Amino acid sequence: MARFFIRRLLSLVPTMFIIVTLSFFLIRLAPGGPFARERDLPEAILQNILKRYHMDEPLPKQYLRYLGDVIRWDFGPSLRYRDRSVNEMIDTTLPVSTALGLTALSLAVILGVNVGIVSALKQNKWPDYTAMSVAVVGISVPLFVMGPILQMVFAIWLKWLPPGQWLSDHGLKAIILPAVTLSFPYFAYIARLSRASVLEVLRSDYIRTARAKGLKESVVIVKHVLKGALLPVVTYLGPALSGIVTGSVVVEAVFVVPGLGRPFVQAAINRDYTMIMADVIVYSLLLITANLVVDLVYGLLDPRISYK
Amino acid sequence: MTDDVILQVKDLKTYFKLDEGLLKAVDGVSFDLRKGETLGIVGESGSGKSVTNLAVMKLIPVPPGRIAGGEVLFQGKDLLKMPDDEIRTIRGNKISMIFQDPMTSLNPFLRISTQMIETIVLHQGMNKKDAKDKSIEMLKLAGIPSPEKRIDSYPHQFSGGMRQRVMIAMALSCNPEVLIADEPTTALDVTIQAQILELIKDLTARLGTAVILITHSLGVVAGMCDNINVMYAGRIVERGTADEIFGDPKHPYTQGLIKSVPRLDKATQQRLFSIKGQPPNVINLPDCCPFYPRCDRALDICKIKYPATAELSKGRNVACWLYSEGK
Amino acid sequence: MANIDTTQDAVNEFNQYVKPVSLWADAWKRLRRNKMAVLALWVVGFYFLLALSAPLLQSAGILHSYTEQIISHQNLRPSFRPAGELVIESLELRIAQLEENLASREEDSNSTYNMATGFDFAPAAEIEFDDGEVDEGEAALEEVTEEADDTYYGPTYSDSVVDELERSKAEVEALRGSIHTDPQHSKVYILGTDDLGRDMLARTIYGGRISIMIGIVGTLTAVLIGILIGSISGYVGGAIDNFLMRFVDIMYSLPYMLVVIIIMSMVGDKGRGSIVILFVAIALISWLTISRVVRGQIISLKNSEFVEAARSMGAGTPRIIFRHLLPNTLGVIIVFSTLLMPSFIMQESFLSFLGLGVSAPQASWGTLVSEGVRGMELRAWQLFVPAISMTVFLFCMNFLGDGLRDALDPQSKNRG
């Protein structure tokens, strides 16, 4: 187990290396630079700027320098906001995005699993139909439609919740709308997934055995059904987190949340190389680690998987 | 005679409502099981033999299934009318089951010990430690080597034959009156099959348990059963003692079944007999003998009406127009 | 002898033991029994038809132009009445407000309060030029950020109230004169107009055209690449399989939309907004899942007897892949494609919403929604019309996909 863990941990290194390398060259090789917009810049000044960011050096040298910086967790200055370093921006925005993402993920998992179980147990009765209709809505309605509509209903018409901004302005209430919006599609998917998988387990032979042993239905569900039924949900956590990371970009835009998403989109539009690179690295590191944790949890839950 | 009947099934009907129509999986099945008896139920797949026995335990999934009628009297009480709480004290305790596929019948996520102990604790009121000792004892009886060590393993760490031994140990751990064995050897290697049958025979004889052995293989029932019921399309078409069924089969279907068993003791050059055609689709079956399209000796009346069961002698019945007075 | 009839039926039934029903006929039968899927199929068909025939409808005069901007028809609410009447009505409302405002200002020296009430509900008068065409991307983002303090419109000085009153009165007069002569004013906008005076119905239909097109082309590209890579990987196996699947693994660990965003930023200002680049960017990455699905299917099929048989008869690798293996994975591919299409549409809209997708004058559903969000407090229809159209379509595609999955694979997990 420990050896497996260490081996998986070490396998993160080449993956991250490939990601850093690929995105570095992809971005650098694209035509036009971050200063292409400022065409009127005199040549000398442009050269000065380039020099300041070491962009006058040959590409391999830049790459090695960047690699060294990244290992020391230094992403350099932002090319767009010249008085701020990328690290500073990440330090201020990442906690916000993390808080939002984790809240959304927990909401999605807790609600999704419970709704899925109830739905499966009440199969083809009204709680099932209601839950599954809500789930289909959740899967079909894009975040950027759901967000504004929730904003309009709960913040503008009913005035129950703040329409946007963040904890500093509105306290914990501010996290409700963005987190609910962000979690909705994943809640819906998890609810459908756990419903289907509970139903499948309920039909399995070993549940028939458990019933034939005279166990109470509640014992059958809690002791025999749930563990097997929740494994697919655990597997889905990786993709769900990836989706939540992406979705948070939109949700942060809709609800004016000062997270990592907005600087990222701005950087993409402005071709702020260092910022884009840093975002990609942070996001991928987050996801890869999360996938590792999911794998480990899966292994703990399923006795059939052995680590060798 | 009736005193030692412990399980009496009367006119049991189990229907499934499917998109295609009403499937009468079990349509008026009756039989008696006496103390210590081994009763074989033989039939092709889809003949309703497994459903019959799930219905006895009220384990039919509802919906789409429905027990449409009949009685299942166990020690004089109708299991079908019992509230769920009460029938649960019988399941796994007085009547227990083992299933066809040992690979899937044990919960893969729980240790063998957990799965065995929970039954014993539930029905025998033992504490966990005693229950574990009892489980180890049962595993030993079932022929699991070094059971003290293996009891904490997970099912996937056992082979198919070993798992079926675990299932048998689990099923017999509460000294049930009746053991229902639903094709217990079908999923196993041929070499293991005989061992498992021997184990069931041996253990139930020792514990005085009555057995209902469900199988599609005449070879399995031959050496095991006292009495045999032959099922076809949801109904029992012939019943008798093992000797009667094998020695003097009456129903054309039974005759066909017996002729289609390869025999080593008769050196024949003939091709192996097979019953022509396929088992009928029992959905929306008309009121006729369901076997007549495959029957060599079919009469006109076979197409119109299902034959009444004729009693040839005590406990020797056949449902066929050939033996019916009304022919 | 009524019994004879039933007997005849029985004979028939028993004689039809082996009724050859092809997978597709069987699936179609099952699909038709699923009412929601059938309804979804009709709705999707209707959308496709509408999207295809939009230019025809427009040239036939049934549909207004989706690009024509009529400044005086800005922000009209959905209605079956001609535009001219609506404009006059809203101008009169505005005039009444202004007059009331003036009157109360004369009574009450404290004018700030009245200013506020006077200007809050004045949809027709605000002339708000968007820099949409210049740089939609930044505009979208900034607009959203400024949502909170967006309540201030209109003139600052009280004199301008008088000016505006005069102007509005003049406009009403002019309109009254031309309402029956100018055909423009007899236009009916049943779903209202946007903030540049363009017909919402036409824009939504044309937005759908682009969204659906991106969905179809993207899905086709992704499915083709996915099938190719997946089948090679699955069939050839060995080092090639290992290399391809490692690549897929790494791509998987990247947040997918972020990669698309990077690609969109790579292509720069000129490339951005081009639909071709957009769906190439999306398709480049979305073949991952389907290649895995196909690979898994091929591996499980490759060891089956019928492939052995084909190989023993001398069939080559491509022939085995294309004639024997792929047709057997077709069901999975169809189901997957139906579910992939809405996700494509969603992703494209996602990018357009962020300002990284389709740019003006073309618009997709995502663009329309993001435009609608800006004014949603006052002009909810500008958000709801494209949002609902889009959601209904995605909803139906998902239903159709689920239905197809149940129909093609009756043993599948999601069959309830």
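Which residue stands opposite B:Asp78 in β5(B)? B:Leu73 does, as the second of the views below shows; the model is predicted.

**View 1. The open sheet of chain B has 4 strands.** Its strand order is β2-β1-β4-β5, and the pairing is antiparallel. Two strands of chain B, β2 (21–34) and β5 (77–78), form the edges, each with a pairing on one side only.

**View 2. Strands β4 and β5 of chain B pair over 2 bridges.** Strand β4(B) covers residues 65–74, and its pairing with β5(B) is antiparallel. In this view B:Leu73 is set opposite B:Asp78 of β5(B). β5(B), at residues 77–78, is an edge strand of the sheet.

**View 3. Helix α1 of chain B lies across β1, β2 and β4 of that chain.** The helix takes in residues 49–56, and β1(B) takes in residues 5–18. Helix α1(B) runs at about 115 degrees to β1(B).

**View 4. Chain A contains 12 helices and 0 strands.** The C-alpha trace of chain A spans about 85 × 60 × 30 Å along its principal axes. Of contacts in chain A between residues at least 6 apart in sequence, 72% join residues at least 24 apart.

**View 5. Chain A has an accessible surface of about 13,600 Å².** Carbon and sulfur atoms account for 68% of that surface. Chain A has 308 residues, of which 55% count as buried. Its side chains include 31 positive and 20 negative ones, and the centres of these two sets are 11 Å apart.

Definitions and conventions
Residues numbered from 1 in each chain as written. Chains lettered and ligands numbered in written order. Predicted model: local features only at pLDDT ≥ 70, side-chain atom pairs only at ≥ 80, totals over all residues. Heavy atoms only, no water. Buried < 20%, exposed > 50% of the residue type's maximum accessible area, 1.4 Å probe, protein only. Contact = heavy atoms within 4.5 Å. Areas by Shrake-Rupley, 256 points an atom, 1.4 Å probe, with all protein chains shown as cover. Lys, Arg positive; Asp, Glu negative; His and termini not counted. Charge placed at Lys NZ, Arg CZ, Asp CG, Glu CD. Pairing = 2+ DSSP bridges. Axes fitted to C-alpha atoms, helices over the stretch in contact; angles between N-to-C directions.
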